Amino acid sequence: MASEARPARLAHHFGAIETQRHAERLGMWLFLANEVLLFAGVFSSYALYRLLYPETFKLASAHLDVTLGTLNTVVLISSSLTVAMAHHFAHHDRSRLAGLLLFASVAAGLVFMGVKGVEYAHKLEEGLLPGRFYTYEGLRAPGASMFFTVYFFSTGLHALHVLVGMGVLTWIGVRALRNEFHRNHNMPVELAGLYWHLVDLVWIFLYPLLYLLDPKP
Amino acid sequence: MSIAKRIHEAPGAAATLISLLALLLLTVATTGIAFLSLGPVAGELVAMAIAVTKAAIVVAVFMHLADESLLMRTIALGAVAWMLVLGAGVIAELLTR
């Protein structure tokens, strides 16, 4: 098989390919640690306002659509699978299959953003908005607008990460379809995957914290 | 000795599929339990325990941190530790007003 002979790409300043790969992953994990700290601020503000207005947060949370939230959770978890499988196949000399799986993940990202768009449109229509833009008459309580400030800021920041992830996966997916990756060269697939998994991780916590406070059947 | 202690592998197909199944089952579990109204403390503890379990599966299998060097595991755990310090500070400030 021709791909078996394809060499690794060792940069001149590294002594061994394993050292280079370790450095590449280390850089990505440092970046991901930074991302965790960015979202730490968001989760802390959530904790603060939820402790200040525990009952209002429950009532406000009931205005989120659990079905759509659950659907998006399943979509994002499944997209993490396709990204992990893309790395698996890139590592086993199946670059084009890896590319198709990366595009399946991008498609999942599109579904996620579409569902989010439907949710946002619904909130906009009802006036369930942050701060002074909150106009919903059905729930007039201190803290109600703060729930939606936290909701829009946390899900908006997350959605921005989904968009960036979709861009990165598209870029790596195109390269994979050109048969660039093989067992000795698949780090871009791995690093893009790590980023996408982080996006999934954040949603794993946002979902119960926002949607499941007091769901109604 | 190389700082990369072993040949780095991609996650296996079987482990990845089993993880997906576990993640989907845990999603169903956390959603179902939320409708049971366990009470504010118990409900929150169960929801967070399930979320942490799901996160651990993603990190260990999909992100294969379990196979990484001690340095990388320390960075990941360090980020979580700093996040908890920030959260604890915010909550402590609120509870001692």
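Buried means under 20% relative accessible area, exposed over 50%, and partly exposed in between, with a 1.4 Å probe and protein chains only. The model is predicted, with local features needing pLDDT of at least 70 and side-chain atom pairs pLDDT 80 or more, while totals for chains, interfaces and linings use all residues. Residues are numbered from 1 along each chain as its sequence is written, chains are lettered from A and ligands numbered from 1 in the order in which they are written, and side-chain values use heavy atoms, without hydrogens and water.

Gly12(B) is partly exposed, at a relative accessible area of 33%. Gly12(B) sits in the segment before helix H1 (13–34) of chain B; helices here are DSSP runs of H or I, at least four residues, numbered from the N terminus. Its C-alpha atom is 9.4 Å from that of Phe62(B), 50 residues apart along the chain.

Phe62(B) also belongs to the contact between H6(A) and H2(B). Helix H6 (residues 187–211) of chain A packs against helix H2 (residues 40–62) of chain B at about 170 degrees, with the axes 9 Å apart. Axes are lines fitted to C-alpha atoms over the stretch in contact, and angles run from 0 to 180 degrees between N-to-C directions. H6(A) is therefore roughly antiparallel to H2(B), a term for angles over 145 degrees.

In chain A, His158(A) lies in helix H5 (residues 144–177). His158(A) is buried, with a relative accessible area of 0%. Beyond its neighbours within four places in sequence, His158(A) contacts residues including Phe39(A), Phe112(A) and Trp203(A).

Notes
Helices (H or I, at least four residues) and strands (E, at least two) are DSSP runs, numbered from the N terminus. Contact means heavy atoms within 4.5 Å. Angles under 35 degrees count as roughly parallel, over 145 as roughly antiparallel, 65 to 115 as roughly perpendicular and the rest as oblique.
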